[in-house]
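Colleague: Could you walk me through this one? I am still learning to read structures, so please go slowly.

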Amino acid sequence: MMRKLGLVSAMALAAALGGCAMMPGFGSGSDMPAVPHSATAPVEYVRDIHSHARPEIARVKHVALDLTADFAASTLSGTAALDITAEPGAREIVLDVRNLNIQDVRDASGAPLQFQTGDNDPLLGQPLTIRFPAFAPGEQRRIVIRYATRPDAAALQWLTPAQTAGGEQPYMFSQGQAILTRTWVPTQDSPGIRQTWDARITAPSELKVVMSAEGLTTSGEPAGPGMTAWRFRMTNPVPPYLIAVAVGDVAFAAIDERTGVWTEPSMLAGARAELVPTAEMVDAAEALYGPYRWGRYDLLVLPPSFPFGGMENPRLTFATPTIIAGDQSLVSLVAHELAHSWSGNLVTNATWNDFWLNEGFTVYFENRIMEALYGRDRALMLQSLGWGDLQSTLADLPPADTRLKLDLAGRDPDEGLTDVAYEKGAAFLRTIERTVGRERFDIWLKGYFERNAFRPMTTERFLEDIRTHLVRGDAALESRLMMDAWIYQPGMPSNWQPPVSTAFAPVDAAARAFFADKGPASAIPWAGWSTQERQRFLAWRPEAAAGGADWLTPAQLADLEATLNLRGEGNAELVFAWLQIAVQHRYQPAVPTLERFLTTMGRRKFVLPLFTGLWAEGDWGRSIATPLYARARPGYHPVTTNSVDAVVGRP
């Protein structure tokens, strides 16, 4: 029998009920309709420790935004109309807000409603409690909240023209995951409370608005002097962190009839050429695990301050420009964000303790897409690189954080965003596949997405599903899978087999010859290697280096830097790998490359480890990190600065 997690008690429910407590693809190609949400079994809500909401009493079903972007004030202001349902007798709904200026709340007729914001928590923000007459059975109501964001809203980054590629117009974009949507939308900001939504966003007429939804206006609508309004709708219910907006000087180029790229005009040709494989990836994903249910799949390549590699916002993945390498070598990121259209967007972790259900499934699915398009060798290389990253993560984290099922009580859910969720989660699924066979595993996984579409998922419900539909009472199979050990125990279970890529054998030999045997860099066959082979080479470490010891001489570092032209390298993954070596060795000639890298992009995957490495190097590193961070920090998104501040301190 499935264990119920954190369901509200009957006494608490009775108390709450009984009284009053204190553009994608605009004008380009066809826009295939999204598959609408169909009714499924009722959702059983679990307690989300990162939300004030009580959806078992009253919940948001639909959000309608009408907001104006003010670039001079760095604010969004207007209304959020929420369609809500509730248990009979319910007299209040609790929302999540953080640093929002709430002006008033009214019902659908315009009558004012009582509301109160509770104590502020630095992480969770405030509960916004709205009171109303008791709900009748089956009733649905609309409440309208008039509000404005603040300039420091953590989900929004307002960029000056100088921070864009074009250099002439400002730019704004949002990043809601994990719990930042509450800083720009007053709603129940929990991944387990799915909501449909629509929006009217008004912005200066020289800019375009794009959102993670179907665009309803091809060129906007006049909205007063110098202003244009853009309309959007999302008919599939999504977790609130997937409501996303961007406003800027952007243009669109189609790849095929249902995929394309948005970005700044000067970047458009290069971005489209880089992302051409996107169309084939959608076809490959559908062949694996069923129809793509969101209509279009477009990408928005953002300015370099975007804090993640990609964000899987429905219909419009937000992507970092660091994937534009010029040779399509980093497009596995697109496969990853596309895979989220099934694992994460379709079937979503109910709480952030279950984050591995999003990312572990997605890394597995991403690798299957890459194998379908580029072959088994490429897929194995990516698996091996991921295993290397996971080994480092397992060594650095406390044991409790190396479990798949986390306990993030009192912690920022971003602390669970580690390679454990991504790579250990994928390794778990590959272990199941290896044990039962790919054909049988694929049948289960496709069914898992179908059975649980548009529903929140917990680890316990996942176990119930796989035991019901795959294990089917086979005690011997259950024992071989070791599922409870994978999920609830730290580290890697004994049935794990690390991936082995034969393509890396000559790379490893070349790495040993240079790093360990002190051979010349001229012997490295760098020109003939793929990006993944180059990453493997730069990631090689002798065992002695695990404790922080240097393993290269200054002469070797200079030889490596000059021979491989690492000062002029344009591939961000390779620059990052080289700079990790340089920082550990306190290699002063690489500092200009380090400064240029950290002041021209804000991807947290790169920024946080490099500043952490600098800080670990004592006086040498800190003397570089402190002034460098002071210069770079204004160009970073709050998602990045929140992490780096904890290491370096706020300038």
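This is a predicted model: local features need pLDDT of at least 70, side-chain atom pairs count only at pLDDT 80 or more; totals for chains, interfaces and linings use all residues.

Colleague: Okay, which residues in the largest nonpolar core touch the most other members?

Modeller: Those are Trp 184 and Phe 462, in a core that counts 147 residues. Helix H7, which covers residues 419-436, gives the most to this core, with nine residues.

Colleague: And what lies apart from it?

Modeller: There is another core, made of 53 residues, and Leu 385, Leu 557, Ala 590 and Ala 632 are among them.

Colleague: Switching to strands, how many residues of strand E10 are buried?

Modeller: Eight of the ten residues in strand E10 (residues 195-204) are buried, so by the cut-off of under 20% relative accessible area the strand is mostly covered.

Colleague: Which way do E1 and E10 run, parallel or antiparallel?

Modeller: Strand E1 (residues 58-70) and E10 run parallel and are joined by seven bridges, and Asp 66 stands opposite Arg 200 in E10. With strand E14 (residues 227-238), E10 pairs in the antiparallel sense over nine bridges, and there Asp 198 stands opposite Arg 233 in E14.

Colleague: New topic: in what order do the four strands of the open sheet come?

Modeller: The order is E8-E9-E15-E11, with antiparallel pairing. Strand E8 (156-159) and strand E11 (208-211) are the edge strands, as each of them pairs on one side only.

Colleague: What joins E11 to E15?

Modeller: Four bridges join E11 to strand E15 (residues 245-248), and the two run antiparallel, while Lys 208 stands opposite Gly 248 in E15.

Definitions and conventions
Residues are numbered from 1 along each chain as its sequence is written. Side-chain values use heavy atoms; hydrogens and water are left out. A nonpolar core is a set of buried Ala, Val, Leu, Ile, Met, Phe, Trp, Tyr and Cys residues joined through side-chain atoms within 4.5 Å. Buried means under 20% relative accessible area, exposed over 50%, partly exposed in between (1.4 Å probe, protein chains only). Two strands pair if DSSP finds at least two bridges between them.
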